[in-house]
Amino acid sequence: MVRFAGFRRQAAVLTAGALSIALSSGQTYHLTDLGTPGVTSYANGINSWGEVVGMNENHAFFYDGTMHDIGTLGSGLASAANGINDDDLIVGYSTFEVGNSDTHAFRYDGSLHDLGTLPGSNSSVAYGVNAGGLVVGNSDSRAFLYDGTMHDLGTFGDRASGAGAVNSDGKVVGWAENSSGRFHAFLYDGVRHDIGSSFDGDTTASAISDSGLIVGDALSGGVDLAATFENGEVHTLGTLGGPSSSAADVNGSGLIVGTSFTAHQGSHAFLYEGSTMLDLNDLLDTSLPEGWKLREANAINSNGWIVGDIADDVTGEVHAVLLTPVPEPTSLIALGLGTLLTWASVRRGNSR
């Protein structure tokens, strides 16, 4: 696989290993603005090394301390990266010829590979990739799983479906429309399971952790709420005081991130821990400039690093951002121990 910056990768390993030991109670985060003034960018995915992917001024990017332009398929003018695994395998979508707005899902391993579409489809988008390189997404109105061949995951009523994520065990989550026109979250493990039928409304699943916790949204009475799917039950997570919320990702520790409206109708990024939804704007170690807010949290890795975007309410400018946990003073001994243990692991040849 491609290696953009081996030295920075080792630094990321050491930092991630140390910060993961920090206590979660009273946790604060340091925000790194990945954007460029005047340029719109979005961060969509992050791996356990802290490497980030997204879209910068209509082109897919990879960030490892420096932002790298991935480019586009063929003569296409636009692309975006949605997911990345620990082997730097990146997935997303790109237009592929001038004058054609259709997109094709891609896989990037140092060069772009067009994954094509399902038969009869014109466009496709890849949303997630797991440790084994399995890719999931949509091909027009059908969910797909790509393992060298694009497979149609079907629907609950021969209508529409979409796949949002795949975990290390190859379990896929998404949504599918049934014959009554209702959308239900699904889990696919070789067989498609309806995991949203217990809820009186539409449901969608957007992410699944390696431990099997599934998150997404539940819609009833015109209100969309972030939700978890466990043991056949759908549990809504509430909001930051506004009318709606949406869950984007979950890590192996059960930390959930997403977006919620506040009481003032503004969109804010949230972190859901235990049974509490927290506004990430209130957890930053320094204040954002006047007019800016942390609007969305789109992904979280195993070390609790979060990516999303900040926006200026006045100008509408949007920047991709990375949030890294700030270790608490009482954790300094553990911090040093974590660094030594991680460095020993790297020295044993695990730096890849």
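Modeller: Buried means under 20% relative accessible area, exposed means over 50%, and partly exposed lies in between, with a 1.4 Å probe and protein chains only. This is a predicted model, in which local features need pLDDT of at least 70, side-chain atom pairs count only at pLDDT 80 or more, and totals for chains, interfaces and linings use all residues. Residues are numbered from 1 along each chain as its sequence is written, and side-chain values use heavy atoms, leaving out hydrogens and water.

Biologist: Is Gly-196 buried or exposed?

Modeller: Gly-196 counts as buried, because its relative accessibility is 0%. Gly-196 sits in the loop between β17 (192-194) and β18. Strands here are DSSP runs of E, at least two residues, and helices are runs of H or I, at least four, numbered from the N terminus. Across the protein chain, 53% of the 352 residues count as buried.

Biologist: Which residues is Gly-196 in contact with, leaving aside neighbours within four places in sequence?

Modeller: Contact means heavy atoms within 4.5 Å. By that rule Gly-196 touches His-184, Ala-185, Thr-203, Phe-229 and Val-234. Its C-alpha atom is 8.9 Å from that of Trp-175, 21 residues away along the chain.

Biologist: How should I read an aromatic pair?

Modeller: A pair of aromatic rings is described by the distance of the centres and the angle of the planes. Rings of Phe, Tyr and Trp (its six-membered ring) pair if their centres lie within 6.5 Å; planes under 30 degrees apart are stacked, over 60 edge-to-face, the rest tilted. The structure holds one such pair. Trp-175 and Phe-183 form it, edge-to-face, at 5.3 Å centre to centre and 75° between the planes.

Biologist: What is the relative accessible area of Trp-175? And of Phe-183?

Modeller: Trp-175 has 23%, so it is partly exposed. Phe-183 has 28%, so it is partly exposed too.

Biologist: Now the largest pocket. How much space lies in it?

Modeller: A pocket is found on a 1 Å grid over the protein atoms alone: an open set of points where a 1.4 Å probe fits, with protein on both sides within 12 Å along at least five of seven lines; lining residues have an atom within 4 Å of a point. About 1400 Å³ of space lies in the largest one. Its lining has 50 residues, and Tyr-127, Gly-164, Ala-165, Ala-207 and Asp-249 are the closest to the centre. Strands that each supply at least two lining residues include β10 (124-129), β14 (161-166), β18 (202-208) and β22 (241-250).

Biologist: How many of the lining residues are nonpolar, polar and charged?

Modeller: Ala, Val, Leu, Ile, Met, Phe, Trp, Tyr, Cys and Pro count as nonpolar, Asp, Glu, Lys and Arg as charged, and the others, Gly among them, as polar. The lining divides into 20 nonpolar, 24 polar and six charged.

Biologist: Where is Glu-57 placed?

Modeller: Glu-57 is in the loop between β3 (52-56) and β4 (59-63). Its phi is near 50°, a positive value in a residue other than glycine. Asn-58 lies in that loop between β3 and β4, with a positive phi of about 70°.

Biologist: What is the pLDDT average of the protein chain?

Modeller: pLDDT is the predictor's confidence in each residue, from 0 to 100. The chain averages 89, and 86% of the residues score at least 70. Over residues 1-24 the pLDDT is below 50, and this stretch has 59 contacts beyond near neighbours in sequence. Where pLDDT is low, the predicted coordinates should not be read in detail.

Terms used
Points joined across faces, edges and corners; volume = space filled by probe spheres on them.
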